[in-house]
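Have the model open and follow along.

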Amino acid sequence: MSTQFREQVLERFVLGAHIQFERQSFNSAEKRQDEPLVDVTTKTLRDWISDSRGHLAGRTGNDDWRHVTMHDLRRTWATDTFYSLAFEGVPIAEELTMGWGGWKMNAKGRETFRENYLGPEPDHIAARAMEKIGVE
């Protein structure tokens with residue numbers, strides 16, 4: 001299953017269902033770098049993902065959802081965040097996304113981010129770009 005298919009739904013579903021996450025109102029500036037943004041155990045996160053996988057598979061009838069991992073979620077978040085910032089013209093979109101996502105600000109960190117986490121632009125960004133330039 002292509003991760004591009006997953007990138008549209010996962011963040012909103014998993015984080016929305018379990019954390020009531022609102023990206024617009026979330027303020028990480030008040031946290032120290034060594035403090036977790038979401039203060040739960042890795043096991044709890046895995047349980048949330050497992051519950052969500054089962055729910056999505058049941059709701060869609062597609063068992064491919066049962067194979068979603070934490071990596072898929074991190075990749076989805078990184079891809080959506082980077083392209084959303086870049087589309088809005090933020091000149092340091094990559095640096096912000098890497099910093100927020102915990103990638104090191106060096107050549108190796110940038111390589112890891114680009115090769116393993118930055119996927120193709122999400123459909124909603126491509127649609128907005130096409131709309132902006134008048135392509136229908």
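Predicted model: local features only at pLDDT ≥ 70, side-chain atom pairs only at ≥ 80, totals over all residues.

Residues are numbered from 1 along each chain as its sequence is written, and side-chain values use heavy atoms, leaving out hydrogens and water.

Q: How are H4 and H5 oriented to each other, roughly parallel or roughly antiparallel?
A: H4 covers residues 70–87 and H5 covers residues 93–101, and their axes lie 9 Å apart. The two pack at an angle of about 150 degrees. Angles over 145 degrees count as roughly antiparallel, so H4 and H5 are roughly antiparallel.

Q: Which helix does arginine 110 lie in, and which helix holds glutamate 94?
A: The side chains of arginine 110 and glutamate 94 meet in a salt bridge at 2.8 Å, N to O (the cut-off is a side-chain nitrogen of Lys or Arg within 4 Å of a carboxyl oxygen of Asp or Glu). The pair ties together parts 16 residues apart in sequence, because arginine 110 lies in helix H6 and glutamate 94 in helix H5.

Q: Is glutamate 94 buried or exposed?
A: Buried means under 20% relative accessible area, exposed over 50%, and partly exposed in between (1.4 Å probe, protein chains only). Glutamate 94 has 12% relative accessibility, so glutamate 94 counts as buried.

How values were computed. Axes fitted to C-alpha atoms, helices over the stretch in contact; angles between N-to-C directions. Helix = DSSP H or I, 4+ residues; strand = E, 2+ residues; numbered from the N terminus. Parallel < 35°, antiparallel > 145°, perpendicular 65-115°, else oblique.
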